[in-house]
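Me: I am new to this structure and would like to learn how to read its features one at a time. Could you take me through it, giving the general idea first and then the case at hand?

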Amino acid sequence: MREETLVKNLLTYKRVLEGMLHAMVGDRAAAEDLFQEMAVLMTRKREETDEDCKFVAWGRQIAVNLVRDWRKKLARGKVQTFDDDVLEAVAGSFEANAESAWDARAEALRICAEKLSDKDRTLLRRRYEESVPVEKLAAERSMSRGALDTTLYRLRRALHDCVEMRLQQPGMS
Amino acid sequence: MSHPWDWDYLIHKHLSGEELTEEQRSALNDRLRKFPRLRKRLAEMAFEQAQMRDVLATSEGVPILIVPDTVREPAAVAAAPLLKPLPPIPWYRRPWILPAAAAAGFLVLVLGIVAWRNSANRAPFEVVKGEVRAEGGSVEVSAAAPALFRMSDGSEAELSPSSTAVFRGRVGDARQVVELNAGAGRFKVAKAPDTFKIETPAGRVTVLGTEFTVELRKQKKRPAAMAVSVTEGRVRVDARGEVRELGPGERHVFGAEPEEKRPEEKKPQPPPERKEARPVFNGVVRGKVVGKGDAHVLIAVDAVVSSRKDAAPDLAAAMPGRTIKVMVPGPKRKEGEPEVSKIPFLYVRKLAIGQEVSLDVRQTKGEDFMIGELDREQADWAVREERREGDKEPKKKARDPEKSPERDPKKED
């Protein structure tokens, strides 16, 4: 694979691959670090890979191995991840979706996020973009941690349901 | 088999980096193994969370290139002029140029003054939380709760009730200067190359990216003392000639008499490390009594009726077939703890060898167990049996060895 193609694919599928790693390890910061390692590995191996290979499928193979190594490095018992076969199956579900389907989902998410109130949008941004801890957000809003977590969960579900509805509409998926 | 879990909620917890209980993790693991639809849902929610950063982001940082005035676009030089340029005209040949330059200069001056006045009136902070009386950069926390302020560089200050301060914004080399005139403040300083300063009547704190607390303490016969404690990073404190650097976890009171130092001014201790919980079985087992002592019973376990959330699934599966020693909760107790109930003791005493029981047990040290909770029926049974025996042969009143012996009036006589 040429360097330009690799860079283009990494930019296009960055969020898909990050999501894949995040789904496997359940820790966003770890997933970001693993994505960097993945990009380095892909750069090293690009010459062994076909120009028109399925990029997400190639990423899946690397991701599963990286997560296994990461888990080994950390003390057993401190890391909560799924069993090996489940890890592979979870990564495989990213591959099952057509690569173009992720674009449609991202676009639907953008439209749905525009409908959020300013307050909800700020909350989601503080939590998921700025990575502010739940405890701190709860304190800022004079809420209990549990109540704030429930609010976040409901917002995410509402967004997900909105995205699903939009994808059902003709011309979206 | 139906599960009590809300799978979406478990996925949300997993993606939020929260620790699932072993039971939740195990249940989610099994469910994901069996159901492709749930795996798809996890994939979609993880992707959406990653994508949310793009969707919700206010803006990406845009690099700005400042080109020196001397550099001209090369294209202008390269393009051949279609017309021959006019020779330059001296300024004195243009009579309108002086009044125009004067007008332009005046306009720039007026605009500059307006911009300066506006920037002077604009507060260099925003109130994130709390009730505050503010005028320009001066603030007073008016409610009984602390108020949180965010400054233009992203640094945060949490001022205690009744604190007064002035947010000066950028002053000289310092990107932020905050004057704390009374009260206390906790500062979380964004990392940046320029310094951040807290000025107080008792001294000055200069800092580069850290989290610390400054508290002004009134003293009867001396000027206010300043207590500084650092959570992260490093600060330099200059208080009436006493210069000292403080690192993470360090705290010092500047300008206080030794006897006025308060007892809580100890170095904050790091929180004790959490010990890894060893796997145990806690739950209700069914089995037969195969032996007993004064305060324990041996049960040959036939089945596990239920296991508690903190029980290790592997150990629960291994319970049937084992013979376990179940003890009565011991009489040893710490000061302030309630006295241990005698009912489990009575219950064990009444159990007969060969009797079938269902018993709530908690694993203690090693392989031993302790009675967890007796249900109402078991407790009633334990007590009822004792009463019946007591009816036939009334017990002597137990004497408390710590109390004085009962008086015998005859002896006294």
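Predicted model: local features only at pLDDT ≥ 70, side-chain atom pairs only at ≥ 80, totals over all residues.

Me: Is A:Ser142 buried or exposed, and what is its phi?

Reply: Buried means under 20% relative accessible area, exposed over 50%, and partly exposed in between, with a 1.4 Å probe and protein chains only. A:Ser142 has 64% relative accessibility and therefore counts as exposed, and its phi is positive, about 50 degrees, although it is not a glycine. A:Ser131, in the loop between H7 and H8 of chain A, also is not a glycine and has a positive phi of about 55 degrees, but at 37% relative accessibility A:Ser131 counts as partly exposed.

Me: How should I read the pairing of strands, and which strands pair with E4(B)?

Reply: Strands of a sheet pair through backbone hydrogen bonds, either parallel or antiparallel. Here two strands count as paired if DSSP finds at least two bridges between them. Strand E1 (residues 125-129) of chain B pairs with E4(B) in the antiparallel sense over 4 bridges, and B:Phe125 has B:Met151 in E4(B) as its bridge partner. E4(B) also pairs in the antiparallel sense, over 4 bridges, with strand E5 (residues 156-159) of chain B, where B:Leu159 is the bridge partner of B:Ala147. The hairpin of E4(B) and E5(B) has 4 residues between the strands, and in this hairpin B:Gly154 takes a positive phi near 95 degrees.

Me: Why is E4(B) described as largely enclosed?

Reply: Of the 5 residues of strand E4 (residues 147-151) of chain B, 4 are buried, so the strand is largely enclosed by the rest of the structure.

Me: Which strands make up the closed barrel, and what lies across them?

Reply: The closed barrel has 5 strands of chain B, in the order E16-E17-E18-E20-E19, with mixed pairing. Strand E16 (residues 282-292) of chain B and strand E17 (residues 296-307) of chain B pair in the antiparallel sense over 9 bridges, and B:Val284 stands opposite B:Ser306 in E17(B). Helix H7 (residues 343-350) of chain B lies across E16, E17, E19 and E20 of chain B, running at about 45 degrees to E16(B). Axes are lines fitted to C-alpha atoms, for helices over the stretch in contact (heavy atoms within 4.5 Å), and angles run from 0 to 180 degrees between N-to-C directions.

Me: How many salt bridges are there between chain A and chain B?

Reply: A salt bridge is a side-chain nitrogen of Lys or Arg within 4 Å of a carboxyl oxygen of Asp or Glu, and the count between chain A and chain B is 7. One of the salt bridges joins B:Arg33 and A:Asp83, whose closest N and O atoms are 2.9 Å apart. On the side of chain A that touches chain B, H9(A) gives the most, with 11 residues.

Technical notes: Residues numbered from 1 in each chain as written. Chains lettered and ligands numbered in written order. Heavy atoms only, no water. Helix = DSSP H or I, 4+ residues; strand = E, 2+ residues; numbered from the N terminus.
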